Protein chains: 2
Amino acid sequence: MAEFHAASGGPSGPPLAVTQGDPAGIGPELTLRAWRDGGREFPFFVLGDPAFLRRLAARLGWSVPVAEATPDSAAALFPHALPVVPIGMEVVAQPGRPDPRSAPATLLSIETAVALTRSGRTAGIVTNPIAKHVLYEAGFRHPGHTEYLAALAAEPGVEPPHPVMMLWCETLAVVPVTVHLALAEVPGRLTDELICRTARIVAQDLRTRFGVINPRLAVAGLNPHAGEGGAMGREEETVIGPALDRLRREGIDVTGPWPADTLFHGRARSGYDVVLAMYHDQALIPIKTLAFDEAVNVTLGLPFIRTSPDHGTAFDIAGQGIARPDSLLAAIGLAARLSRR
Amino acid sequence: MAEFHAASGGPSGPPLAVTQGDPAGIGPELTLRAWRDGGREFPFFVLGDPAFLRRLAARLGWSVPVAEATPDSAAALFPHALPVVPIGMEVVAQPGRPDPRSAPATLLSIETAVALTRSGRTAGIVTNPIAKHVLYEAGFRHPGHTEYLAALAAEPGVEPPHPVMMLWCETLAVVPVTVHLALAEVPGRLTDELICRTARIVAQDLRTRFGVINPRLAVAGLNPHAGEGGAMGREEETVIGPALDRLRREGIDVTGPWPADTLFHGRARSGYDVVLAMYHDQALIPIKTLAFDEAVNVTLGLPFIRTSPDHGTAFDIAGQGIARPDSLLAAIGLAARLSRR
């Protein structure tokens, strides 16, 4: 992403809201570390249970003062303590032991973040990881975190927004057009319409949120060597090519379909602002190869800013204080930069 | 590849044979540059037309003396000139203009390299890129370069060898289990048997050719998150898992199936010697992201050493002297290191 034009300096506006995430996962300890280690450049508050975070800090032996806050008092408290805006639900979970009884608090933290962001009292949302299977046991009915945010963002009587996952680091941004699908299902699900809808949202949000005036989208082929003229698959000719023609007619700067293996080295990366990949691993392999700890998940297509660390709850190491806060810090930093535009 | 144990020093043995490749591609100019820029650490000779290479050097204004040689005189000539062993066929092609009349010379160069290597007069083969469509016009009937080498390596009455493509750079080695297939065909072609056959050849050649005493093979899943327990595809459970069980019973050190996007960052790479990927881009994206110019193609499973640069003929830039010799130099360097074991 060569042309990230975040405005810097100036009045900083309201702080960011960080959701609690699954309290048995690594989210809470990463949040404590993000405040402690993060340089406090970007004010944020947590939506959760202050007593739970105090107990966790004590247990880990970390000197992180936790202050009860309101969204409006949080920015002033932030230099001296981690501000926590109570959501009124006590957390009973133990680190590493997912517990469906935590589900209502996990969801309420997310809902409160959306409500505060929509009313302008926070600049954007950084979500800590949740575990879908824990929420499902408690009756959650959405396919995932992002879809839940999209549902919360929906206006009555209007089609809900189409959220698009972008993985971002300082040197690369990638968007998988299909995401959590078995590989065998990818060719059948890849449509001209899906590629176009995704590309439009990406181009729009790079313009408005990232300040890239003329976003350059490089689009990967589906097949090895982008099909090599039909010798190894025809989706480049029947699906991707026509989608790119349509997008070009709409004035979007797209190139491709490119052989995916030639798209991600240093010289290639200088030629575009974002890559549209056709499936999950085609997007995630290169960015996690380059920036495993620092990659950030940004949701495009929502009416507010939402970033999240690019990892899960990691129940297996939760509560030990060994999880790295790099990705959460990068998620907070990116949300802050986007919100200052 | 943490444990590459190439013997160093000692008597160096015969030189390497470098094939001519398609004379209209970038192979000939890269070969001139490899001699000029390569430090001359690893002696090699070209199997081709000395007059053609002299004309090309003159045309490019490069001071690369070309000496007619025999396989036995080449090593002594190498410090002072690029040794070329004539194959008795004149090249008429012009750079950038593929010409089916070059096909017999292209093939004879490869055949001669195999014959010389099998008789011990060269230490191994480094092949310059060929263009299949040019050879097909001239009646070539093999699926590709590597399959042709396997056919030349076949013994009468014995099943021909199963060649396995490994992409190698100093920090990563990857093997795609399926290679030049449309993505939609990959799930159907992936079998327990293919994974096991490939893994056995990889383990064997890492031991014998690379000197890795206990090769550690990390195996990628096919689906996002390696299927996440069947939520996104079942091949991990029905095909890859059983193959790994079988390989473990045979004493091969395999782990996986791993989510492919978590396998290629620096810390992960220290945990294995090679990754078995399930399809082309899953293997080639990470290595070309990390080492676009220096990656080398090594063919395992042949009765001789064969490496090649990891790029094609690049007819569009041939004859301009701008193609980078990094990959050919790396291919020569690796073949030399392997041959000294």
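A salt bridge is a side-chain nitrogen of Lys or Arg within 4 Å of a carboxyl oxygen of Asp or Glu. The legends below describe views of a predicted model.

**Figure 1. A salt bridge joins A:Arg267 and B:Asp293.** The closest N and O atoms of A:Arg267 and B:Asp293 are 2.9 Å apart, and the pair counts as a salt bridge because the cut-off is 4 Å. Across the interface of chain A and chain B, the rule finds four salt bridges. Eight residue pairs are in polar contact across this interface, with both residues of each pair at pLDDT 80 or more. On the side of chain A that touches chain B, helix H11 (residues 280-290) of chain A gives the most, with nine residues. The residues on that side of chain A comprise 17 nonpolar, nine polar and seven charged ones.

**Figure 2. Chain A and chain B bury about 3,000 Å² between them.** The size of an interface is often given as the accessible area lost when the parts come together. Carbon and sulfur atoms give 64% of the area buried between chain A and chain B. Of the area that chain A buries against chain B, 22% is supplied by A:Leu183, A:Asp261 and A:Ile285, more than by any other three residues. The contact takes 33 residues from chain A and 33 residues from chain B.

**Figure 3. Chain A contains twelve helices and twelve strands.** Taken along the principal axes, the C-alpha atoms of chain A fill a box of roughly 60 × 45 × 45 Å. The radius of gyration of chain A is 20 Å, which agrees with the value near 20 Å that a compact globule of 341 residues would have. Of the 341 residues in chain A, 58% are buried. Among contacts in chain A between residues at least 6 apart in sequence, 75% join residues at least 24 apart.

**Figure 4. B:Ile110 lies in helix H4 (residues 103-118) of chain B.** Is B:Ile110 buried or exposed? B:Ile110 counts as buried because its relative accessibility is 2%, and buried means under 20%. Leaving aside neighbours within four places in sequence, B:Ile110 is in contact with B:Thr19, B:Ile130, B:His145, B:Tyr148, B:Leu149 and B:Leu152. B:Glu41 is 69 residues from B:Ile110 along the chain, and the C-alpha atoms of these two residues are separated by 23 Å.

Methods:
Residues numbered from 1 in each chain as written. Chains lettered and ligands numbered in written order. Predicted model: local features only at pLDDT ≥ 70, side-chain atom pairs only at ≥ 80, totals over all residues. Heavy atoms only, no water. Contact = heavy atoms within 4.5 Å. Buried area = accessible area lost by both parts, 1.4 Å probe. Polar contact = N/O pair within 3.5 Å; in protein donor to acceptor, adjacent residues only side chain to side chain. Helix = DSSP H or I, 4+ residues; strand = E, 2+ residues; numbered from the N terminus. Nonpolar A, V, L, I, M, F, W, Y, C, P; charged D, E, K, R; others polar. Rg over C-alpha atoms; globule rule 2.2 N^0.38 Å. Buried < 20%, exposed > 50% of the residue type's maximum accessible area, 1.4 Å probe, protein only.
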